[in-house]
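Keep the viewer open as you read.

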Amino acid sequence: MPGTRYPLEVNPELPPRLARLEELANNLWYSWNRPARELFSRLSLSLWRATNHSPKALLKRIDQHRLTEAAADPVFLETMDRVLAAHDAYHATSSAQNLPGKPPLQANDLVAYFCAEFGFHESLPIYSGGLGILSGDHCKAASDLHLPFVAVGLLYRQGYFQQTIDRNGKQQAHFADNNFDDMPIEPVRGADGLDVFIGVDFPGRKIWVKLWQARIGNVRIYLLDTDIDKNSLADRDISHQLYGGDRRTRIEQEILLGVGGVRALRTLGLQPTVWHINEGHAAFLVLERIREFMAQGQTFATALEATAANTLFTTHTPVPAGHDHFADDMVVHYFDGFCKTGNFDRTTLLGLGHADGDNEFNMTTLALHGSRFQNGVSRIHGGVSANICSPLWPQVQPSENPMDYVTNAVHVPSFLATDWHETFDRHLGLGWQNRQIDPACWSGIYNIPDQIFWSIRQSLKAQLLHLVRNRVRQQQLRNQGSEAHVDRLLRFADPANPTVLTIGFARRFATYKRATLLLNNLGWLREILCDAQHPVLFIFAGKAHPADEPGQELIRQIAEFSQQREFGGRILLLEDYDLHLARRLVAGVDVWLNNPVYPLEASGTSGMKAAINGAINLSVLDGWWGEGYDGKNGWAIPPAAEGLDPTQRDHEEARTLYELLQDSVVPLYYRNTALGYSPEWVAMAKHSIASIMPRFNMQRMLTEYTTKFYAPAAAQWRKYADANFTAARQLAEWKTRVRGAWPGVHLRRLDQMVTHVRYGQALRFEFAVQLKGLKPTDLTIEMVFTRPGKTVSSKAKHYPLRHEKPLEGGESLFSCELTPEQCGKTEYQVRAYPSHALLTHPFEMGLMLWL
């Protein structure tokens with residue numbers, strides 16, 4: 001019998017000349033610097049791939065003799081020195097905020113950004129999809145712009161699963177524990193050199209949390225980990241799996257993130273002046289901050305105002321059912337001690353998570369109650385969110401409530417293929433990376449010679465097809481496919497001759513994203529795909545949540561059709577979609593397809609990543625594409641008419657998709673190809689970059705977040721916190737008084753109504769307002785003029801009425817004299833709403849009275 005096997009790992013020693021490789025390996029700056037990644041891959045390409053492109057893991061496992069060779073290799077050393085020079089220059093740049101105009105944040109400001117997942121790079125697998133990639137890009141851009149910024153998340157033993165697809169098309173989810181020693185993270189240590197822990201109170205026990213950190217360029221993220229010996233086995237599992245477990249695990253993860261995240265920053269001596277809740281998972285930080293203020297002697301109402309004044313909440317969810325919610329008794333169970341120490345009742349606690357229509361404690365509602373800045377992530381989604389969240393401001397029209405929007409964007413250095421850099425340097429000018437939001441900079445795209453532009457596009461496609469061939473071959477052979485069958489499947493994916501029109505669809509397989517819309521009419525699809533003179537290759541990739549059976553069924557259907565004789569080789573399904581594959585796909589395909597159900601795509605960013613690389617979008621006019629499409633930079637599928645059932649809607653939109661493919665996309669790609677390419681196609685691809693790059697990059701997005709939210713929130717914080725929160729206390733007391741009186745406030749018209757006037761004729765309006773004990777200065781009374789049938793919006797004309805004198809019975813006279821500015825038919829309305837100089841948004845109370 002063989003003996004016991006004992007594990008032993010022997011780690012190499014870095015030669016002194018290579019010592020700074022360890023520094024590079026521990027800063028995720030490498031995730032958006034391709035020369036840095038290529039430097040590590042040159043040490044051992046096979047090991048680089050085996051370690052999932054983790055520099056830290058590679059340096060732990062590489063042979064000592066290979067390091068010795070590299071230390072004596074002048075070519076490697078010269079390359080390393082160039083990478084280190086770029087690294088040092090990036091980090092040595094002035095710490096002043098790199099924003100247009102005057103820096104809007106002050107020297108002592110700090111933005112704390114909370115999210116449940118972060119997608120920086122495949123070497124730190126603590127993300128699942130779009131939310132994580134966006135939060136990762138947000139941090140990278142904060143680093144680029146030198147914003148005072150810190151991020152907070154959870155450190156999962158198991159990030160999202162690895163996916164294989166069996167011979168029957170069924171998704172298999174494989175979970176493996178992360179080895180923290182292989183990841184670009186390190187424990188946070190105190191002045192005594194010991195690991196830092198914090199405690200988070202749970203019912204009947206305290207959970208101990210270990211703090212880790214990762215460097216993202218100039219920014220740090222702190223990650224919370226419960227998998228330590230001090231905790232019970234059940235509590236060690238709280239941070240075990242991203243989006244794993246049952247409802248109990250979910251609420252415990254969200255308490256850990258929100259409450260524990262605040263305590264972590266306090267323990268580290270960090271004092272944020274702005275708190276950004278990125279999606280509702282972190283909303284419990286509102287309760288922890290309220291607890292802190294009440295422990296300092298503030299009332300609940302004052303504590304809520306102080307908390308909300310500098311809190312921003314970003315929602316990414318376009319449907320009410322998508323917002324996290326928990327049963328009231330579960331919330332009370334976990335926060336009973338919170339109520340007792342805070343000396344306020346459970347009704348007050350539960351009220352923070354309830355609005356009209358909420359049957360359970362809603363995390364979005366909590367975030368909205370605990371913030372004064374709120375936004376969706378595209379123009380369309382901002383409107384959808386304003387409607388979804390309207391119960392928080394019940395008397396205010398959705399078009400005027402506080403819900404704003406900032407359209408998502410992408411981190412250009414992370415997703416723009418480096419193949420473009422030299423050409424951009426030549427035709428856009430050196431330093432184009434710092435002029436990303438300047439449209440004039442990107443007009444230089446049109447000066448790139450067509451042949452050079454096309455050769456770069458073909459090279460990127462060849463790189464993609466090389467990866468596609470490797471993945472498909474590995475997948476098919478694992479599923480007992482023959483070599484001959486594999487060769488047949490890959491006949492159109494030829495890196496040596498990448499001339500076939502290639503269309504990509506890669507994203508999470510959720511039903512609303514409609515991955516199978518392309519299969520709606522197989523006869524029509526057959527006509528499009530099986531044209532021998534104009535072949536088309538579709539590449540699909542994506543994962544469905546292990547609990548999402550309908551999403552997994554979509555994968556099975558795609559897999560089934562990809563194996564049919566007539567579609568085999570023309571439809572390819574790649575498994576285990578990750579950031580590495582995503583970078584290749586968005587850079588290499590000719591067309592990026594996106595066909596969600598309108599208006600359920602909050603934003604989407606994959607199409608932006610494709611567009612900046614010269615791919616052309618073919619998408620439903622939803623999310624970001626509703627703003628990005630200009631009629632000449634891609635193709636749009638208009639949403640079907642309202643009122644159709646889902647089958648009819650899908651039929652209509654699939655028909656538009658087929659018509660665009662057959663009449664526009666395929667003919668344009670294969671038109672006038674005597675030069676080896678279609679000049680008309682190249683012209684559209686250039687316009688795709690020039691029109692989309694300056695509007696949908698992270699520099700624009702972070703600049704907008706800073707000027708629209710971060711700077712105003714920091715200013716409100718300074719105003720509210722001054723003199724022991726005097727302003728917060730005054731506003732809280734004023735709101736209490738207004739809410740008590742509001743049911744008795746009403747309006748009455750006193751003047752004689754006039755329906756026709758001549759241009760230039762002055763009019764006088766008089767109204768009696770029952771103040772019910774309020775002061776005239778507590779309200780704004782105004783007239784709102786619109787064109788007939790138009791809703792009240794920012795485009796309407798607003799005329800405030802002035803207070804003239806008290807009347808009998810507690811009423812007051814308000815009047816206005818004005819001369820109409822436009823001829824034609826118009827309408828006006830009269831309304832009253834509470835107003836105070838300390839309000840962050842004029843309608844944040846949600847109270848409004850119309851005559």
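A salt bridge here is a side-chain nitrogen of Lys or Arg within 4 Å of a carboxyl oxygen of Asp or Glu. Before we use that, some housekeeping: this is a predicted model, where local features need pLDDT of at least 70 and side-chain atom pairs count only at pLDDT 80 or more, while totals for chains, interfaces and linings use all residues. Residues are numbered from 1 along each chain as its sequence is written, and side-chain values use heavy atoms, with hydrogens and water left out.

Searching the whole structure turns up 63 salt bridges. Pick out Asp 227, which pairs with Arg 236; their closest N and O atoms are 2.8 Å apart. How accessible are the two partners? Burial goes by relative accessible area, computed with a 1.4 Å probe on protein chains only: buried means under 20%, exposed means over 50%, and partly exposed is in between. Asp 227 is buried, because its relative accessible area is 19%, and Arg 236 is partly exposed at 22%.

Now go to Arg 764 and Glu 804, another salt bridge, with the closest N and O atoms 2.8 Å apart. This pair ties together distant parts of the chain: Arg 764 belongs to strand β22 (residues 763-770) and Glu 804 to strand β25 (residues 802-806), 40 residues apart. As for those labels, helices (H or I, at least four residues) and strands (E, at least two) are DSSP runs, numbered from the N terminus. Arg 764 has a relative accessible area of 32%, so it is partly exposed, and Glu 804 is partly exposed too, with 33%. Glu 804 also has a salt bridge with Arg 802, at 3.7 Å from N to O. Arg 802 is partly exposed as well, with a relative accessible area of 43%. Elsewhere, salt bridges with shared partners join Asp 201, Lys 206, Arg 263, Glu 288 and Arg 291 into one network.

On to helix packing. Two packed helices are described by the angle between their axes and the distance between the axes. The axes are lines fitted to C-alpha atoms, for helices over the stretch in contact, and the angles run from 0 to 180 degrees between N-to-C directions. Angles under 35 degrees count as roughly parallel, over 145 as roughly antiparallel, 65 to 115 as roughly perpendicular and the rest as oblique.

Helix α26 (residues 646-669) packs against α27 at about 105 degrees, with the axes 7 Å apart. That angle makes α26 roughly perpendicular to α27. Contact means heavy atoms within 4.5 Å, and here Val 665, Leu 668 and Tyr 669 of α26 meet Glu 680, Trp 681 and Met 684 of α27. By class, this contact has five nonpolar residues, no polar ones and one charged. In this scheme Ala, Val, Leu, Ile, Met, Phe, Trp, Tyr, Cys and Pro count as nonpolar, Asp, Glu, Lys and Arg as charged, and the others, Gly among them, as polar.

Helix α19 (residues 450-478) also packs with α27, at about 75 degrees and with the axes 10 Å apart. These two helices are therefore roughly perpendicular to each other. From α19, the contact uses Asp 450, Phe 453 and Trp 454; from α27, it uses Pro 679, Trp 681, Val 682, Ala 685, Lys 686 and Ile 689. Seven of the contact residues are nonpolar, none polar and two charged.

What angle do helix α9 (residues 247-267) and helix α12 (residues 328-342) make? They pack at about 45 degrees, with their axes 12 Å apart, which makes α9 oblique to α12. The contact residues include Ile 251, Ile 255 and Val 259 of α9, along with Tyr 334 and Phe 335 of α12.

Finally, two buried residues. Leu 59 is in helix α4 (residues 55-61) and counts as buried because its relative accessibility is 10%. Setting aside residues up to four places away in sequence, Leu 59 touches Pro 12, Leu 14, Leu 21, Glu 22, Ala 25, Phe 40 and Leu 43. Ala 602 lies in the loop between β18 (591-594) and α24 (606-612), and at 9% relative accessibility Ala 602 is buried. Beyond four places in sequence, its contacts are His 316, Pro 318, Val 377, Ser 378, His 381 and Gly 623.
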